[in-house]
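Hi,

Here is the structure I promised to pass on. Have a look at it first, and then read my notes below.

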Amino acid sequence: MVKMAIDELIDYGAFRTGSKADELFLNAMKENFEFVYDHSPHYRKICEHANFTARNLNSFEDIYRIPYVFVSCLKMYDFKFLPEEKIKLTLTSSGTGGMKTKTYLDAETLRRILEIAWKIHEEMGVVATDVECNYLLFSYDPHYARDLGTAFSDESNTRFTKIRSKFYAIQWKGEEKGFVFSPEETAKKLVEFASEDVPLRICGFPAHLIITIEELRRLGYSKLQLHPDSMLLTGGGWKTFEDKKIEKPEFRKFVSEFFGISPSRLRDSFGFVEHGIPYLDCEEGNLHIPNYSRVVARKPSDLSILDHGEQGLLHFYTPYHFGYPVLSVLSTDYGVVEGNCSCGRPGSVLRITGRAGRTKWKGCAFKAMETLKEGA
Ligand SMILES: [Zn+2]
């Protein structure tokens, strides 16, 4: 069997740069474009409208001309093209006004995104398969939240070590109450975990962590020493907890001091269901762009590509998804792409600076709960 271009790209490594890396990325984008163009009538229409076919995809720079799907369209319309029997996993995220995105993963796409996430975490020093850890997950118990993007990625986060035990901080309390986050129960559990002789990994929304720390302080703890090899894998932004928001440098300082661990063990991440690639902090706290995607900032007025260091609307490209037309997604996130991180990994890093149309944004944390209740 001929090896697919996407698998060659995955095997090449998560953070390698240079002409070979670009060549593999271009080949994989071509392969994915042809597949999606042939299978998704909606995406084909978009391309026809833009007068773009695979023949326009020759040099590396051409990938930035691949017609995009606007992320808000993915929230408004269902672009499903896979036959039911091929759908292995449906991921849901919700947003403004209860609009939700569903993406459908076939078996190979699911295998590949798990492999991609694995390689990124491995090269970022997060994988420790011989170490046993406890887990505190600020996420929905997956027994009740199987399809939700955040639950999926938090659950995936527990693959990187051996597991002693897991605690889900957002628990299903029955039809009446729905999902409930209890800071009291979580703080109690955290104290218990801190007394054990294995590292703890905490995964989930940073706001939940801050609320738990506030609860610990209320209980009289000015500090809670964790095992030094513990790690914090936060993600998902501040959502509806905007009032709790702490800027990244202060967050890293405050949290690492409170738990007595090195700031290099605090790893925030950025990602969204419509794209799927995880952007993970290195030891220095910078989100690196892996070789499995390309990101550019575009000028909002004319969508021209901005230089490194200039803030614009972020446009994401990736070739792994064979179940949904998400190879080129224009997001509503503002950010900056810049180069040269002091950790020594080559390539660019991503800094998220905000979201367009912020005032109407209600966030997914609470909306997600509503969605789940609707679907229950
Ligand atoms: Zn770095």
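**Salt bridges**

Asp281 and Lys248 bring their side chains together in a salt bridge, 2.8 Å from N to O; the term stands for a side-chain nitrogen of Lys or Arg within 4 Å of a carboxyl oxygen of Asp or Glu. Asp281 sits in the loop between strand 10 and strand 11 and Lys248 in helix 10, so this pair ties together parts that are 33 residues apart in sequence. (Helices, H or I with at least four residues, and strands, E with at least two, are DSSP runs numbered from the N terminus.) Asp281 is buried, at 0% relative accessible area, while Lys248 is partly exposed, at 30%. Here buried means under 20% relative accessible area, exposed means over 50%, and partly exposed is in between, with a 1.4 Å probe and protein chains only.

Before going on, some housekeeping. This is a predicted model, where local features need pLDDT of at least 70 and side-chain atom pairs count only at pLDDT 80 or more, while totals for chains, interfaces and linings use all residues. Residues are numbered from 1 along each chain as its sequence is written, and side-chain values use heavy atoms, with hydrogens and water left out.

How many salt bridges does the structure hold? There are 23. One of them joins Arg112 to Asp7, at 2.9 Å from N to O. That pair links distant parts of the chain, with Arg112 in helix 5 (residues 107-123) and Asp7 in helix 1 (residues 5-12), 105 residues apart. Both Arg112 and Asp7 are buried. They also belong to a network of salt bridges that links Asp7, Glu108, Arg111, Arg112 and Glu115.

Lys3 pairs with Asp11, and the closest N and O atoms there are 2.5 Å apart. Lys3 is partly exposed, with a relative accessible area of 44%, and Asp11 is partly exposed too, at 40%.

**The zinc site**

Which residues hold the zinc ion? The protein donors are Cys282 (SG), His288 (NE2), Cys341 (SG) and Cys343 (SG), which lie 2.1 to 2.3 Å from the ion. Donors are N, O and S atoms within 2.8 Å of the metal (3.2 Å for Na, K and Ca); water is not among the atoms, so sites may look incomplete. Along the sequence, the donor residues follow the spacing C-x5-H-x52-C-x1-C. His288 belongs to strand 11 (residues 287-288) and Cys341 to the loop between strand 14 (328-339) and strand 15 (348-355), so the pair ties together parts that are 53 residues apart in sequence. His288 and Cys341 are both buried.

The site is tetrahedral, with angles of 103 to 117° among its four donor atoms. For four tetrahedral donors, the ideal angle at a metal is 109.5 degrees.

**The sheet and its helices**

Seven strands make up an open sheet in the order 6-5-4-7-8-9-10, with mixed pairing; two strands pair if DSSP finds at least two bridges between them. At the edges are strand 6 (179-181) and strand 10 (279-280), each pairing on one side only. Strand 4 (residues 128-140) and strand 5 (residues 161-172) run parallel and are joined by eight bridges. In that pairing, Ala128 stands opposite Thr161 of strand 5.

Helix 8 (residues 183-194) packs on the sheet and touches strand 4, strand 5, strand 6 and strand 7 (200-204), with its direction at about 165° to that of strand 5. Helix 10 (residues 248-259) packs on the sheet as well, touching strand 7, strand 8 (231-235) and strand 9 (266-270), and its direction makes about 140° with that of strand 9. Contact means heavy atoms within 4.5 Å. The axes are lines fitted to C-alpha atoms, for helices over the stretch in contact, and the angles run from 0 to 180 degrees between N-to-C directions.

**A few single residues**

Thr212 is in helix 9 (residues 206-218) and is buried, at 0% relative accessibility. Leaving aside residues up to four places away in sequence, Thr212 touches Phe138, Phe181, Thr186, Ala187 and Leu190.

Asn51 has a positive phi, near 55°, in a residue other than glycine. Asn51 lies in the loop between helix 3 (41-50) and strand 1 (69-70) and is exposed, at 66% relative accessibility.

Cheers

Conventions
Four donors count as tetrahedral if all angles lie between 85 and 135 degrees; four count as square planar and six as octahedral if opposite donors are over 155 degrees apart and all others between 65 and 115; anything else is irregular.
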